[in-house]
Each structure stands twice: as structure tokens, then as C-alpha cells.
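The coordinates should be kept at hand while reading.

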Amino acid sequence: MQDNTPHFRRLALLWVVSSIVLTAIVVFVLAPGMPPGNGTVQASGQVVDNTVLLGLSTPVALGVLLCLGYCLIVFRERPGDDPHLEGPAIRGNSSIQMWWLVVTTTLVLFLAAFGSIELLKDGAGGGQGPNPLSVVGNPKSTLQVQVIAQQWQFTYRYPQYGGFETNKLEIPANTTVEFHVTSLDVIHSFWAYQLGVKADANPGQDNIAYVQTKAPMNFAVHCAELCGVWHGYMFDSGKVVPKTEFASWVTQQRKYFSPETHLLTPYRHTYFPAPQRRGG
Amino acid sequence: MMTTATAMPLPARKPLGQRLLGFNLLTALILAVVGYWIGHLIGGAVHAPSIKYYSTEAGYNDISVFLGYLGGVIGFLTGLGFANYPVRRMLGHPPDLPGHAEVNEPGLWKYLRLSTDHKVVSLQYLAGIGIFFFVGGLNAMLIRTELLSPTTHVFGPNQYLTLVGLHGSMMMGMMTSGILGPFANWVVPTMIGTRRMAFPRLEALTFWLLMSAGVVLITTIFFGGFQTGWTGYEPLSDQGTAGFDAYVGFFALVGMSMTLLGLNLMVTIITMRAPGMTWSRLPIFVWAVFATCVLMVIATPMLIAVLLMGAMDRTVQTAFFEPGNGGSAQLYQNLFWFFGHPEVYILAIPGFGIVLELLPVFTRKPLWGYRTGIAGMLGVALLSFFVWQHHLFVSGINADLRPFYMLSTEMISLPTGFTFLCVMGTLWRGRIRLTVPMLFCMGWAFNFLFGGISGVFLSDVPSDVTTHGSFFSMAHFHYTIMGGLVFTFFAAIYYWGPKMTGLKFSERLGKWHFWLLFIAFNSTFGPLFALGFMGMPRRVVTYPLNLQGLNVWVSISAYFIAISMLIFLWNVVQSLVFKREPAEANPWQSKSAEWQLPTPVPAYDFIEWPDIGPDPYPYGEPVEDYSGAPAPVGGAA
Amino acid sequence: MKQRALAVTIGLTAVVVVIGLYIGLYLTAQPGSATASPSAGGAVQLYLATVPAAATNDPHPTWVSYYVTNSQRQDWQHKTTFVVPANTTVHVTLFQYDSATGLRNEFFSQAIGTTGGGFTLNGKAVRAIPPANASHVFAIPALGVSVPLAGVAGNAKNPCSNAPCTGADYNTITFSFRTGAKGLFRWQCFVPCGAGYVQGFGGPMQTVGYMDGFIKVV
Amino acid sequence: MSVEGAIGEVRLPPEPVTHRTRPPGVATRLWCGSVTFFFASFLFAYVFLRSLDVHKDWVIGHVEPSGGLGVTVMALMVLSGIIWRIGHFRPVDTIATGVVAIVLGIVAVALQILQYTTIDFGGASGAYASVFIGWTSTYILGAIPGLYWIETQLATLVRARKREVSEADQAVLRAGVEASSFFWAYYAAIGVVTFIFLYVI
């Protein structure tokens, strides 16, 4: 039995047409809603990344799915068929294998290069450890905020304003913010979703993440690393506010907490509490 | 060629009294309890003067608990009879091989004893792992029940986190051997042409170690559970009560079981292939097992070592993971993921092997790209050692190396792509029979495709900043592990089950099982990608109100997964207990070695190994442009 | 066939019993709840006590713990879910029997979010205490409430060993806060007081019913 | 399953003798890989914690395990490994060298335990102390099964002298001896690495 239907050409045509349509839909309809939104420069960068990944993976996934579906529909053994018939003994096709390898390798190399460029451009909002490779903005006008994670609440210190500590997070709009994330006990993770920032809080280590804010907005803060019994309750919210409002907020907070600020440990990048193992 | 089996006389059944005495499960359980208390008392005695610190919880200290577990496991294994051979060897008896006449014994009794027959051990594995798989699944249902509401409503946070940890540990620990234990132990010896594994006692030991591990894990609920998830990050886990000792004991035992299982299978494949069974003629499933075993033998010892460090921190007061005394929490993360990433490929690669092994049977074609498939699996195995830091992209450790790990992680998609290419190539122009195992293989292809593609999002650092530690990554690994491992696990059960048990399964119930599972699975884990994108972190007991709708949808879908599992259970009970319809010797018209054995399989498997052809997949009509067949090699000795 | 059906039934029953036990073990582990008693002016009143060790018949007799008691420091009950009405002022009187451990984050040595911004310690109005004197912190982070609890002196004549601490030395702390909308909130401690556990945050600090619990606003 | 024999009434062709002679050697070499990675975790911990020493707590206080005992333990292990490896090559001397190897090994274990009683620091005295305690104790604990293994080989050889042993069984015995000697020599090599990192560097 010789099957002369041009299966391959049909499938290829199907794939080309459907990928053009679907990729367009994905990139122009779905992608603008990709997380984490366009609240900050870093968040926008992540949206771009997600868009590119989604746009590239759509034709790939579609190709595999169409091939699977086509095979299952067209080459299926039908109820009346001769059960002794077998398929053709094709054991491989070196040119297809070669092309597959070339195409997937190109894709992977492109993705890795693209991701690295996107990452190194502005840090992408991720924790970069104590010595960040991608420093963003002018260090003079950068606002430093220390995020202290402890079981089970985040508190924040503003070293450029006398090092006062507060349980509320507010940052000014159109500013580069340098988060210094550290922990007093176990590993936490500071995740400000709408800012596009995630940085693990490690005990005894400073983890720096940059974000360049745009317009005022509210954002949610979660702990994204299991940190004990109240991990699910360790959330919070913060605000990006206009610069003037921020200035008055800082003055007010600084004044309110001034009686206690001198009780605090002097500002440091890490606080290194003793493990405190005591017999009972 | 294979001769037909002659009837064998069944050994006479001993009276019950005699069967209860001696080395069996009952003795083992009694000795386990005795061993636990001996260890516990020794622990209570040694801690006081020599060790400066121990947990002050009344009634126990961690040393007592650890020694108790150790004593319990040793007692259990001794009761089963594992100590007999080592003692005999110590007294100078020459190395010998255990007999296995019990295979012919009727009834279930032989499955409750130490058995060294690879067929019995496989079924033991299947049943034992099955039980823990269902307990782990039950945990998942309880988790989803709690997440029906955005606040704490059914379980307290302690209980919820313990459930999360139990679910994760059970699935990652017990199911690691989910394919190698039941199926590789059964088919690999037959496929390569031997009647046994290289070390039959070791084979049995891996099973009973795994079972004792499972029991140790469940005892955590008597010690207050552990609130660390399956990763057990330090120093959080160091804060845990004795419930965490159960986790340490569990994973250490699982690790030993895995290492020994991998070692045994690897030695068997290397040394015991029948004459003529060259490396290039091995069925692809054997290659998959081989690649998995490399990971098991190399990566798992690091898990044991890192758990040992954690145990020392908890008992003799070292400070490996305690910042402040010189330790580092990130040391744990590094060491754990150096094991943990190969671990997920230990789960995935056997799945590749099963799909590629089954496809030729159900497409009536030779495997397309045999060498490419092998290269894919070995490539995944090799690369998996160089990607572990992608679990730590936002942790601030070696942040400058992130581009490298991004590249290495994305490179994993190359060998994985090979597997997909082989799948598509084999399907192409085949005569596809959509039997139940084939459906599960196709389910794998669908799920793993999405699992793999979502993995690219997680490997891209800017994208990972949002998705890391969220429900997105949770959905990703459920797509790869549940959609990958569990679907192929069921494919293997439906495919080899009739040969292993000698009984037929219901095709109709199998199809119901597949379709319900497939739809419910995608309806459960698909929305989790969205939930992760919308900002829901993993392992939380509360979540924002606006996410409740999707969470309820997910929970209800999850209950449908449970229903599909009940259909499967009913299929098993009906086929194995009530109907007991004998299976045909070769219902799939497979040309693979194990299907040439008669059903039920005799104790000796086969008398003479059949001639080995140049191609492990001699299906299909010859085509003109076929070139590249290996030269035929002489038959068996 | 009949035998097999019987075996399956027995097997299934056993599985169901085991599963029931498994779930039951979790559900029964919840600590009890106590409703705040009405007080003058529509407010409600809670009497709490912190002890260095729970009662001797407790499952964890060495753990520090909170207890619910009354104005005379009698009728000790081991309950950590406090039920209070919505949009109401809650007066809390806390009898502090435990000695000081010291804070890890000194920020919590001040009162935050209480009515009037402070609290009273043995009748004296204060806003903060020296961080090293803190024995516990009563904090409801979601309501923005946090009050440091000064420990009794280490050389006290009459220290409490186990709950109930009748007759032992104590500090009285009072404060008030206002509840908002209905909901389930957690309260916790910020002092590393889980003695014997790494960083003092294990055991009682991570078990609901000792140094953690819920505020149920109804 | 037996090499040559029958189950029930079915005569089975004999299993090739290589199925009993090759596995011990191959398994031992793979097992050495496992052991290497096991101790590589401690090596990693050593290097990681030492390089991370930002807070100067690699060593807290006076942490100096007795170097003399350390050298002796290492030397005994190496000597034991070499002697047993040599003994396996010379069938006449196998039993005698095995006994010496076991004695040396036991002395090494005993000296290591003696060293623990003399150290004046605990695990909390910094990262080095932790790695020291963890690495040496697991190393010396792992030596005990190795000694057991040598003992089984010796006991088997002693018994085999008293009876007729077929050539195939002889080969199986030699394979066991070879495997245990390879492992023991390899384990001694790991001991050298342990010593270099913990005492020399």
C-alpha cells in the first residue's frame, strides 16, 4: 500500500497559517496583560520578556501539538482496518534531526542571550546579592530602603533619613529605589508583585534589588519563601506616592518614631543575631 | 528459541503457626517497635553529659528520636531476614544466590515477605508505592479543601503546612522509584536477557527500605508535624520540633534506597546482558533506566550527606546551616538543589523511556531516531548537574553567574526536544492504535509539552523574578512530574500490568480513567499558571480575596482527579479480585522480549534466551530508502 | 467470591478508618477559643496571662504559653483564639509572669497601633520599654497592633514555674485597640522566646496554641 | 536462579559465571562514585563556608584538633589500604595482609574516637569545627562497613581452604577480594583528601 498524500506539506501549511494567526493573537491580545504589569521600569521589562517568550513558544507548542493531532487523526487505525498491517519501517531521517537540532539550538541561544541582556540592563528587579552587577540610576539620587524580614513581618528602614524603622512601606514616584533585603532569622523572600521585585531575604546577607518607579500606585508585598507557621499571613501592602507626599510622610514617620530610633541597632547592611540556642 | 513451560508442582503450604514464626512481616513489626525503644533509651542515656545542647521538649530529644528511628529500621529489616546473609558471610560462608521457589506459591503471602524474585519485588513495589501515592494524593485533596476559602477554615496553619510537606515529600520521595521500582525491576532483566538482578537481596532491600521510609515519614504527625515543605530549607527546619526528624529519617532512607536501586540496575545492565545484546541493541527503556541510574548513583549521596549535616545540627550541635556560628543557610540550598535538580530528572527520564518504548508497539513502526532518543536522555542526565542554581535566581547567591545558569537551564530543552522529535517521528505514518497505554503516552506528550514550555519562563531570569516561588512554578512542576511521571506510570501499569499480574484489566474503565484524569488534570493545573501570574505565592494558607474564584475552580477539578483515581482503583480491584480474567500472553502484539514469555510468567522467566535481532523494534513493512540497520550478530549462546 | 467480597469490604473499612484517624488527628489539634467579656461603654475586655511554662499536664509542659484568665487571675484556660466584635474597642489586661529574653528587632520595643499610642505597665503609662527587658510581644500585624510585654525581674523572689501561676510575681500591662471589619487575624510574639530552639523561634513560637493564635473579629 | 540447577522439573541452562564474577567489581567502582559524591558534599561545605567567611566565624575561639592523632589516623588508613590492595594481588599472602589491614583499620577508628575525647571545642565553634566533626565522623563511621567487608572476605577464604572449591567458585571469591580491596584503597585515598583539607590547608 503506497500512501502518496502530501502529509508533510499539508501539516506545514496548517502550521504556518495557524501560528501566524495564533502568535498574532497571543502577542497583541494576551501579552499586554502579562504580569506584573507596567507599574515600574523593571516590571515593564519583565512584561517584554514574557511577551517574547510567549510569542516564541506559541509556534513551537503549536507545531508539536498539530503534529501530534494530525498523526492521531490521520494515521489512526480505524475499526475496519486489517489488523496485520504495519507502518513503514522508517528508522530516522538525519536531515530532519539535523535541522531540528539547529533550529532548537538557535532558539535556545537566542533566548539565553536575550534573557541575559534584559537581566543585565536593569537587574530585572531580582535580588542581585551584596555586590550588584547591574547598578541602575544615579547613586546620588537613589533612595535606599532596607527591608528587614523576620518571622513573620517585614519592617523597613530608611538609612538616608536617620535610619528610622517603620512597619509601612512608601516610596516616591519616578525614583530609583535600592532595596537592601536581609533577614533576622530564616530565609524569606521579599516579593513586591506590582513593582516586579523579588529578592530572597537571607540571614546575615545583604541582597540588593533595584526598581525604578513610575506613577503613584499601590502594590502588594508577599513573602515568597516558606518561612514557618505564619508564612501565609506574611503579607503587606505598600505605596508609590508623589515625591512631595513622600517627603512629608518621611518627616512625619521620622518624627513619630524618633523616641525609639536610638534604641535600634545602628544601621548596617546585615544584622547578625546570635543563634540563641539555650537550654530551657 | 523459547520452549514452552512445563507444569510445575506447587510447594506444599505450611500450617499457619509455622508461617507466623520465623522471619516475616509480623516479626519485623515487633522487632521494629523493640528496636525503636532500644534506640530511644540509648538516645536518652547518651545525650546528657557529653552533648551540651539538645532540644528541651519534654519526653524526647532529637538524639533519642534519631536513634529510635535507626533502631526501628534495623529491627524491621532484621525481622524480615535481611541480617541473615550478612551474618552468614561474616562467618565465612561463600557468596551464594538466594532461591526463589516462593514465586509459585499461591496467594498473597509471598508478597508480605522478603522475596528476592524480581517479579515479586516489582509487584511489592507497585503495591507499596501505590499506597503511598494514594496517601500523598489524599494530602493534596486536603490541601485543596483548605484552599477553597481565602482564610484559615479547615486546618490550622501548622496542620496545613504539615500536609503540604507530607504531600511533597511523599510524592518526591516515594514516587522517585515509581517507575524504576515496579517496572525496571520487572522488565530490565528480561529485556537484557537474564533471570535476575545482579544483587537480588539488594533489590529486595531497596523496597523494604522505601517502605520503612514511608512509615517513618507518617510518624511525623505524632511529633507535631514539620512546617518546612518538602525542601526542608535551613535554618527554618532547624527550628522544627521532632516532627522534622521524621523528615530527615525519611529522606535519608529514601536516598539509600534510591542509591542502591540505581547501583543494582546499573550493574545488571553493564554486566549481565545476554550474548549478542550489545549496547546498540538495548531497548530504549533500558537506556532510560541507565541514564536515570547514573543520576541516582551520583546525586542521591549528596542528599544523604546534606541531611546528615542537618541531623548533626539538630543533635550534636554543629553549625553547618546556622548563620552566626559560621554556617550558612545557602549551603543547604546549594547542596540540596545539587541533588534536587537531578532528582526531578530521575522522575522524568523513566517517563521518556516508557513513552519511547511503547510508541513503536502502538504505531506498528520501529522507533524513529533510536540514537537521538538515547542522546536526549543521556544529555538531560548530564546537563542536570549544571543547572541547580536556577532554583536560587533571586536568592542573591552568585548572582553574577545567572546568565550561565540561564543558558544551561534552557539548554536542557535541547535533549528534551530530541525526545519529542522521536515521538513525532514514530507517530508519523504509523498505524496508531489508541489503546489505554497509548492514550496515557499521548497525555504525557501534551502535558510535558506545556511543562517544558513553562520551564522556559522559569529559566529566564527576568520572567523568573515574578514566577519564582509562585503558583506558576508549582503548576510547572506538576505538569512535568504529574503530567510526565504519573501519566507514564499509568501507561506502564496498563501496558505491563497484564503481564505482571497475569490478569486482564478493563479497557473501558481504563479509558474512563484516562479521559477524566486528563481533563481534570489540565483543568486543575492550567489555572494555577494564571494564579501564579496573578501573584499567589506557594505554600500559603491564605490568599487575596480576588483569587478565590480560580482557587475554587482548581479545587473542584482536583476532586475530579480524585474521582478518576477511584475509577482506577475500582478497575484494579475488579480485575484482580473479582473477575480474575486471565490475560493473553501478548495482547499488544508486542515484539519486545518480555512479551514473548508465557502468561502467567514462570518462576524461571525463560529457559533459553531468544536470538537477538539487530533491531530492538522489528516492526513495520520494509521501505526502500531504509538504510542504517546494524549488521546482524549471532544468536544467543 | 463471597470471601473475596468480604476481604475487600474489610480492607476498605480499614482504609477508611485509617484515613479518618489521619484527618482526625489534625482536626482535633485546634486550641479552644475564648470570647471577650463586655465592658463599660460598649467595649470588650480580655484578660490574658503569659507563663514561662504551660501546665504540667499539657502536651508540652516546658513551652512558654499564653493563657486566658480573669481579672482576679483565676480560672486559667489554655485558649488562644480570642473572639471580639467588629468595630469595637478591645481592652486587654495582660498578666506577665515570664522573665525577659530580649528582642531580636528592637523596633518592637515600642507600642504601635494601640489607642492613645501607648500602654500602661503596672499602672504607669509608657510608650516603649528597653529592648532587653522584653519578655514577649503581643502583636496583631494585620491590625497594626504591637505591644511589648516587659518581663519580671530575673531575681524575682517568687518566680512562676508552671501555669497556673497563682501567687507568683507578675507585671500588669493594659492597652486598648480598635477592631475594624470582620475577619480572622493572627496574633504572634516577636521575642525569640522558644527556648532551646534555634534562634528561639521554634516550638512554642511556631505552634498555634502557645505563642501564636487567632483574633476572630465577628 | 541458581547457577546451575532446576526449578521444579524444568532444567535450566547454566548461568554464565561472569554473572557472578563481574558484578562485585563493577558495583564497587560505581559505589566509589557514590562515596566520592557523598564526601564531595563535605568538601563543598568546607570550601563554601570558608570562602563565605564574611563574619569571621570560620573559626571561633580555640579550635585545634590534635594534628598528631590526625596524621596517625590518616597514615594507618593509607597503610591498611595499600597492604590489602597488595595482598589481593598475591593470593598466597591474601589472608595475612587482610588481617593486618583489619587491625590497622581498627586502630585508626579507635584513635579517631580518642581524638574526639581530647578536642576542646564543639560544633558551635565556627564552621571549621562543624565541617571537622561532620567529615571525620562520617568518614570513620564509613570505615566500619569497609572493615566488615574485608572480614567477610577473609572468613570466606579461610573456610574455602578446608574444602574443594571449583574453579568458577574460586573466581567468584577472587572477585569479592578484588572488589573489597579496591574499595578500601579508594577509601584510604579519600582519607588523604580529608586530611589535606582538614589539617594541612
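This is a predicted model: local features need pLDDT of at least 70, side-chain atom pairs count only at pLDDT 80 or more; totals for chains, interfaces and linings use all residues.

1. Residues are numbered from 1 along each chain as its sequence is written, while chains are lettered from A and ligands numbered from 1 in the order in which they are written.

2. Of the 5 pairs of chains that touch, chains A and B have the most contacts (two residues are in contact if their C-beta atoms, placed from the backbone, lie within 7 Å). Chain C and chain D are joined by no contact, and their closest C-alpha atoms are 12 Å apart.

3. Between chains B and D, 53 residues of chain B are in contact with 50 residues of chain D. On the chain B side, two or more residues each come from helices H4 (84-90), H10 (243-271), H11 (284-315) and H12 (329-363); helices (H or I, at least four residues) and strands (E, at least two) are DSSP runs, numbered from the N terminus. H11(B) supplies the largest share of that side, 10 residues. By class, the side comprises 34 nonpolar, 14 polar and 5 charged residues, where Ala, Val, Leu, Ile, Met, Phe, Trp, Tyr, Cys and Pro count as nonpolar, Asp, Glu, Lys and Arg as charged, and the others, Gly among them, as polar.

4. Helix H3 (residues 94-122) of chain A packs against helix H14 (residues 402-411) of chain B at an angle of about 155°, with axes 9 Å apart. Axes are lines fitted to C-alpha atoms, for helices over the stretch in contact, and angles run from 0 to 180 degrees between N-to-C directions. H3(A) is therefore roughly antiparallel to H14(B) (over 145 degrees). Residues making the contact include A:Leu111 and A:Gly115 of H3(A), and B:Met406 and B:Glu410 of H14(B). This contact has 8 nonpolar, 2 polar and 2 charged residues.

5. Chain A holds an open sheet of 5 strands in the order S4-S10-S9-S6-S7, with mixed pairing; two strands pair if DSSP finds at least two bridges between them. Its edge strands are S4 (169-172) and S7 (197-201), each pairing on one side only. S6 (residues 188-192) and S9 (residues 217-223) of chain A pair in the antiparallel sense over 3 bridges, and A:Trp191 has A:His222 in S9(A) as its bridge partner.

6. Helix H4 (residues 243-261) of chain A lies across S4 and S10 (235-241) of chain A and runs at about 140° to S4(A).

How values were computed:
Angles under 35 degrees count as roughly parallel, over 145 as roughly antiparallel, 65 to 115 as roughly perpendicular and the rest as oblique.
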